[in-house]
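Subject: Structure handover

Hello,

Here is the structure I promised to pass on. My notes on it follow below.

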Amino acid sequence: METSKELLMKYDPNMRPNEATGDGLRWYCPLEQPFEVSGLAWFREEQKYRRLPTLPPGVVPKAVDHLANHPAGGQIRFLSDSASLSVRVKLKDKANMVHMPATGQCGVDCYVGAPDTVVPLQYVNTTKYDVTLKEYECALFTNWKPVKRYIVLNLPLYQGVEEIEVGLDEGAAVVAPPSYASAKRVVIYGTSITQGGCASRPGMVYTNILSRRIPLEFINLGFSGSGKGEPEVAEVIAKISDPACLVVDYEGNCVSTELFRQTLPEFIRIYRAAHPLTPILIVSRIRYAREELTPHLYEMRMERKRFEQTLVGELREQGDLNIYFFDASKSLGGEDFFECTVDGSHPTDLGFLRMADAIEPVLKTLLL
């Protein structure tokens, strides 16, 4: 019977793990095979935990370029029979948000599943650390049975990652993860809600929830306060190859209805020129928690929703039968919808779960 070390070398004879430490762990750099980093569209070319290319075509807004350094939706995937798992993380800066836990802003969480499929997955643990520091080490599980598992680590939502290492038992096997159902990727463009504000941990942003239910790679392109539908950003997104679907959900950052009427048709036009048949799903924003108490918020949301519906209807009448509209008004639920946000706008974990529940069947209809 092959040892774990022999299995490791059998699957990737070029694998050169870092030296083992006195704690019995061997530390690996996930930039190397057989680890796979998914959810970051330019990772294969640039080897950076970044959501946009370092030198994008054209000039994207400065805020968007900065937020691209936050690897929301990024995942480290692999198989291992290790009985223990730890991570070392070097952040670009400290946790600094007042309405979002450090575990969501800067943490890493772990899911495991069967070794032969990418869905479903079971939550394991989240990193906890001294939030006054920019570097930390944390165990995610220890003393488990040494059986082969599919392991997914979700990267921080609102802080840059300079380095990350994965610590596994010395001698444990490390092999490539199972493949997705296809090479096509679901691209979701939007706001701070899409980026993950204010999930308590990375796995609870709705794009990551969906990735545990739909066997495809998800690309999170939410930019906090800066998802405004600029044509320069549309040009960059259109460069992502093999899109299974584009979800457009930036109404919450549109600035005004008047500007939204200008940016959304142009955003769609730019993307459609590059991907004439890719399904496009236009999503209206979720409800504000207090809109029943402040009617102008409701009226503004209804005005923009009607515009989105009308635009999609007009484009379909013109022959684009691969564009669709999704009304997210009820995504947070019924009578208790106002309990689903942290600050009236950004979802709690419950809010993100309900958002995923609402859009999942629509995506499955378009994708599978």
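The largest share of the lining of the largest pocket, 3 residues, comes from α5. A pocket here is an open set of points on a 1 Å grid over the protein atoms alone, where a 1.4 Å probe fits, with protein on both sides within 12 Å along at least five of seven lines; lining residues have an atom within 4 Å of a point. About 270 Å³ of space lies in this pocket, a volume being the space filled by probe spheres set on the points, which are joined across faces, edges and corners. The pocket is lined by 21 residues, and T191, I193, G252, N253 and R285 are the closest to its centre.

The model is predicted: local features need pLDDT of at least 70, side-chain atom pairs count only at pLDDT 80 or more, and totals for chains, interfaces and linings use all residues. Residues are numbered from 1 along each chain as its sequence is written, and side-chain values use heavy atoms, without hydrogens and water.

Helices (H or I, at least four residues) and strands (E, at least two) are DSSP runs, numbered from the N terminus. Five strands form an open sheet in the order β12-β11-β13-β14-β15, with parallel pairing; strands pair if DSSP finds at least two bridges between them. β12 (217-222) and β15 are at the edges with a single partner strand each, so one side of each has no neighbour in the sheet. β14 and β15 are joined by 4 bridges, and I280 stands opposite I323 in β15.

Regards
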